[in-house]
Amino acid sequence: MTDITEPPFNQAEIERDRTAVADFLLRLRRKRITDPRVLAAFEAVPRRLFVPHSARDNAYLDRALPIECGQSISAPELVAMMTAALDVPPGAQVLEIGTGSGYQAAVLAGLAQHVYTIDRFRTLVELAELRFRTLKLHNITTLVGDGTLGWPANAMFDRIVVTAATEAVPEALFRQLRPKGILIAPVGPVEGVQKLMRYLRDEKGIHESVLADVRFVPLIPGKAERL
Ligand code: SAH
C-alpha cells in the first residue's frame with residue numbers, strides 16, 4: 001500500500017473520478033444533503049485513495065469495503081449522512097473514534113478547525129497519516145490508542161463521532177463533549193444491527209434521536225497488541 005503517495009492519476013482516471021464524484025454529489029442531494037459546505041468537503045476528498053486497490057475505480061459505489069486489520073471503510077452515503085448530522089461549524093474541534101482508512105476524518109477536516117482521530121491499530125493510523133500528507137490535510141492529529149477513553153489532553157470537543165459499534169457510548173466521551181455539542185455513534189448489539197444515535201447536549205442535559213439502522217465493526221476497548 002506504499003503507492004498511496006503516488007496516485008496513478010492519468011487524465012482518463014481523473015475524468016472517470018470526476019464523473020463518479022458528480023454522480024455521488026447528485027445522490028446526496030436526492031437524499032436531502034444539500035449544505036454546500038458538506039458537499040464541497042466531499043468533493044475535495046478523492047475516496048479512491050482510501051479504498052482497497054482493487055476497488056479504486058468503484059470507490060463511490062454505495063458499499064462498505066474491507067481495509068487492513070480486518071476493519072472496514074463505511075459506505076460513502078453513510079459517511080455523508082453522519083457528516084451532515086454532525087453539523088460541523090467552521091471553528092469546531094472534532095474528535096473521531098475509529099480512524100480506519102481516514103476517509104471520514106479527511107472529510108471532516110474540510111469542515112472543522114481541527115480533527116482529532118484515534119484508532120487502536122497502528123497500521124491503520126500510519127496509512128491514514130500517509131493519505132492526509134498526500135492530500136496536504138494539516139488540521140488532523142492522529143493517535144494510536146483506546147478511543148473509549150476519548151482524548152482528555154485535547155478535550156473539550158464540539159463534535160464527537162464514533163465510527164465503531166458499541167452497546168453503550170463510553171461515559172468519557174460524553175464528559176469530553178462541550179455544551180451545545182453533538183455526538184454521533186452506532187449503538188446496539190455489536191454483532192448485529194445498531195441504531196445510529198445523535199446526542200445533543202444542552203443546558204437541560206442530553207437529547208437523543210435515532211438517525212438510521214446501521215452495521216459497524218465493533219468498538220473494542222484497549223489498544224491492539226498486534227498490527
Ligand atoms: N471512520 C473509518 C471507518 C472506521 S471502521 C473510515 O472512514 O474509514 C472502525 C474503526 O474503529 C476500526 O478501524 C477499528 O480499529 C476502530 N476501533 C475499534 N475500537 C476502537 C477503540 N477502542 N479505539 C479506537 N479505535 C477503535
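Mentor: The following dialogue takes up these features in turn.

Mentor: This is a predicted model, in which local features need pLDDT of at least 70 and side-chain atom pairs count only at pLDDT 80 or more, while totals for chains, interfaces and linings use all residues. Residues are numbered from 1 along each chain as its sequence is written, and side-chain values use heavy atoms, with hydrogens and water left out.

Trainee: How are two packed helices described, and at what angle do α1 and α2 pack?

Mentor: Two packed helices are described by the angle between their axes and the distance between those axes. Helices are DSSP runs of H or I with at least four residues, strands are runs of E with at least two, and both are numbered from the N terminus. Axes are lines fitted to C-alpha atoms, for helices over the stretch in contact, and angles run from 0 to 180 degrees between N-to-C directions. Here α1 and α2 pack at about 150°, their axes being 10 Å apart. This makes α1 roughly antiparallel to α2; angles under 35 degrees count as roughly parallel, over 145 as roughly antiparallel, 65 to 115 as roughly perpendicular and the rest as oblique.

Trainee: Which residues make the contact between α1 and α2?

Mentor: From α1 come Val21, Phe24, Leu25, Leu28 and Arg29, and from α2 come Leu39, Phe42 and Glu43; contact means heavy atoms within 4.5 Å. By class, six residues of the contact of α1 with α2 are nonpolar, none is polar and two are charged. In this scheme Ala, Val, Leu, Ile, Met, Phe, Trp, Tyr, Cys and Pro count as nonpolar, Asp, Glu, Lys and Arg as charged, and the others, Gly among them, as polar.

Trainee: How do the axes of α1 and α3 cross?

Mentor: The axes of α1 and helix α3 (residues 76-86) come within 11 Å and cross at roughly 50°, which makes α1 oblique to α3. In α1, Phe24, Arg27 and Leu28 meet Pro76, Glu77 and Ala80 of α3.

Trainee: What is a salt bridge, and how many does the count come to?

Mentor: Side chains of opposite charge can pair when their charged atoms come close. The rule asks for a side-chain nitrogen of Lys or Arg within 4 Å of a carboxyl oxygen of Asp or Glu, and by this rule the count comes to 10 salt bridges. In one of them, the side chains of Asp57 and Arg16 meet at 3.4 Å, N to O. Asp57 lies in the loop between α2 (36-43) and β1 (65-66) and Arg16 in helix α1 (residues 11-30), so this pair links distant parts of the chain, 41 residues apart.

Trainee: Is Arg48, which forms a salt bridge with Asp57, buried or exposed?

Mentor: Arg48 is buried, with a relative accessible area of 2%. Buried means under 20% relative accessible area, exposed over 50%, and partly exposed in between (1.4 Å probe, protein chains only). Asp57, at 47%, counts as partly exposed. The closest N and O atoms of Arg48 and Asp57 are 3.4 Å apart.

Trainee: Where is Ser101 found, and which residues does Ser101 touch?

Mentor: Ser101 is in the loop between β3 (93-97) and α4 (103-109). Not counting residues up to four places away in sequence, Ser101 touches Phe50, Ile67, Ile73, Ala128 and Arg131. Ser101 counts as buried because its relative accessibility is 5%.
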